[in-house]
Amino acid sequence: MLAEFNGVLLMLAIALLVAAGMLTGHRLLGPSRRFDEKLEPFECGEKQIVSPHQRFSVKFYLVAMLFVIFDLEAVFFLPYGALFRELGWFGFGAISVFTVPLVVGLLYEWKKGALEW
Amino acid sequence: MVELVIKALFMLLVMMGAFLPLITWVERKQAALMQDRIGANRADLGGIRAIGLLHPAADVLKLLTKEDVVPAGANRVLHLLAPVISIVPAIITLAVIPFGGIYTYGETKLNLVIADIDWGMLYVFAVGSIATYGAVIAGWASNNNWSLLGSMRASAQMISYEVTMGLSVVGLFMALGTLRLPEMVYAQDATFRVLGFLEHFGLFETLPAWLSWITLPSWGIFLQPFGFILFLTCIMAENKRPPFSAPEGESEIVAGYHTEYSGMRFGLFYTAEFLEVPVIGALVATLFLGGWSIPWLPQETLLGVLVPVAGEGFGTTLCLILHVLTFLLKVVVLVWLQMAIRWTLPAFRYDQIMDLCWKIILPLSIANIFVTGLFILVVEGLR
């Protein structure tokens, strides 16, 4: 059962090796001439005035919340898609009942302006 | 185990050894061609320019010999981790993509996929969502305002398109009835009569003979033409290349989440972005263009021709080679399509990107699921 994951683990090991190799090569070959001005975060030639670690627009949190709702829906849809023929009209009815509240929710968010940027 | 390593090395050699450097070259050459100018041809080795083919090698050398700068106040661990997190998903997605069918050599079966997972598509989505972390962590760890803006944009864009990406292929799963990628290709390795559905209404016999013989390969693109367009749009938006390049937005926020990355650390982001182009090509080819299958020539038919002519073992091997070449050809076509789109369309504004996702693609893909479901149930129920 778990043997089919050997390939995934192998690819993961290769991916990490590739990344580590590239970064190590860079560390070995690249020069290192550091001074304070060079290490300053880029800010159009000025000193950084505002720290980036502060509050940002609430829109992004809203998208994250919508994502959680609709991605869960997507996860339920995937196995339904695969078993669609076996489940027939019963499954279709069930998935319709499942989708209606979500579509209503989407329309509500839309009308409330949650999807405006 | 040896078989596994050979398959993994083959996939890597093709994708990272051949496609990746060639794509960085094709990208510049195609841009030059489409903008009517002379493209990349400056890198030369003792006077040999080889139409710019040396540029990928020059890129690697240049990136390797640049200074590794970590900005002051940055989180050093996360700053190093972010590019690694970006590139890993691009490589491990390849594990479930079949580049050939299943071939029998006497007792042994050769299955040309690195990991034949039962719920392969779920794995693809799960791995794809890890890439979001790379962009978000990069922006957060850099201690730079532009990076943070870029990473916020990237996270919102990528999670939004992840939702629609999942929903837009459900119609295809309904048509093919599986989530296992090798099985999906076998389901597409057949033909169907274009007007065959009329049989269920008892109208098929009334058609002129030539009309009833028109067949198409039962590829996803013909079963789900609408789903194909939706899925391609979503997966291209996931990759954040132009026209969906708002997270990098070089005309607004410097370079977005990788502003503070130099040398090979930036190179890893760059590699991940370019590697995703053939990976997307391979995935879309597997889902919608029948993967390794040769149109109108299913595996049994091909084996039936090749085995008597070339013998059992050699015939099967010949079939295997033809299938792998077909798969690579389809990937090349899809890479070309992505390049053409990338250099044809101007970059979208951020609100346009988000509107396209939530207001157009999401309702359309839910509608696609229900129309597909109704069509299949009604037509097959009449039998």
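H4(B) is mostly covered, with 16 of its 22 residues buried.

Visitor: Is this a predicted or an experimental structure, and what confidence does chain B average?
Guide: This is a predicted model. Chain B averages a pLDDT of 85, and 99% of its residues score at least 70.

Visitor: Where in chain B is confidence lowest, and where highest?
Guide: Helix H8 of chain B, residues 209-212, is lowest at a mean of 74. Helix H10 of chain B, residues 225-238, is highest at 90.

Visitor: What does the predictor give the complex?
Guide: An ipTM of 0.85 and a pTM of 0.88.

Visitor: Back to H4(B). What should its 22 residues span, and what do the end C-alpha atoms say?
Guide: At 1.5 Å a residue, helix H4 of chain B (residues 120-141) should span 32 Å. The end C-alpha atoms are 33 Å apart, which agrees.

Visitor: Which residue with a positive phi follows H4(B)?
Guide: Asn143(B), with phi near 55 degrees. Asn143(B) is not a glycine. Most residues other than glycine have a negative phi.

Visitor: Where does Asn143(B) lie, and is it buried or exposed?
Guide: Asn143(B) is in the loop between H4 and helix H5 (145-168) of chain B. Asn143(B) counts as buried because it has 22 C-beta neighbours inside 10 Å, and the cut-off for buried is 20 or more.

Visitor: What about Trp296(B), what is its phi?
Guide: Trp296(B) has a positive phi of about 60 degrees and is not a glycine either. Trp296(B) sits in the loop between H11 and helix H12 (299-310) of chain B. With 11 C-beta neighbours inside 10 Å, Trp296(B) counts as exposed.

Visitor: Which peptide bond is cis?
Guide: The one from Pro242(B) to Pro243(B), with omega near 5 degrees. Pro243(B) is placed in the loop between H10 and H11 of chain B.

Visitor: Change of topic. How is chain B divided?
Guide: Into domain 1 (1-65) and domain 2 (78-381). The C-alpha centres of these two domains of chain B lie 23 Å apart.

Visitor: Which residues of the largest nonpolar core touch the most other members?
Guide: The core has 123 residues, and those touching the most other members are Met11(A), Ile87(B), Ile91(B), Leu94(B), Val96(B) and Val284(B). Helix H11 of chain B (residues 263-288) supplies the largest share of this core, 15 residues. Domain 1 and domain 2 of chain B both give residues to this core, so it lies between them.

Visitor: What does Val96(B) touch?
Guide: Not counting residues up to four places away in sequence, Val96(B) touches Val113(B), Ala115(B), Ile117(B), Gly120(B), Tyr123(B), Val124(B) and Leu181(B).

Visitor: And the contact with chain A, how many residues does it take?
Guide: It takes 52 residues from chain A and 62 residues from chain B. On the chain A side, the elements giving two or more residues are helix H1 (6-29), helix H2 (36-39), helix H3 (58-82) and helix H4 (84-112) of chain A. H1(A) has the largest share of that side, 17 residues. The residues on that side divide into 35 nonpolar, nine polar and eight charged.

Visitor: Where does Trp358(B) lie, and what is it in contact with?
Guide: Trp358(B) lies in helix H14 of chain B, residues 350-381. Leaving aside neighbours within four places in sequence, Trp358(B) is in contact with Leu115(A) and Ser160(B). Trp358(B) is buried, with 24 other C-beta atoms within 10 Å.

Visitor: How far apart are Trp358(B) and Leu297(B)?
Guide: They are 61 residues apart in sequence and 40 Å apart in space, C-alpha to C-alpha.

Visitor: And Asn75(B) and Ile137(B)? How far apart are they?
Guide: Asn75(B) and Ile137(B) are 62 residues apart in sequence and 9.7 Å apart in space, C-alpha to C-alpha. Asn75(B) is found in the loop between helix H2 (55-64) and helix H3 (76-92) of chain B. Asn75(B) is partly exposed, with 15 other C-beta atoms within 10 Å.

Conventions
Residues numbered from 1 in each chain as written. Chains lettered and ligands numbered in written order. Predicted model: local features only at pLDDT ≥ 70, side-chain atom pairs only at ≥ 80, totals over all residues. pLDDT = per-residue confidence, 0-100. Helix = DSSP H or I, 4+ residues; strand = E, 2+ residues; numbered from the N terminus. Buried ≥ 20, exposed ≤ 12 C-beta atoms within 10 Å, placed from the backbone. Core = buried A, V, L, I, M, F, W, Y, C linked by C-beta atoms within 7 Å. Domains from an automatic or database assignment. Contact = placed C-beta atoms within 7 Å. Nonpolar A, V, L, I, M, F, W, Y, C, P; charged D, E, K, R; others polar. Expected span 1.5 Å × (residues − 1).
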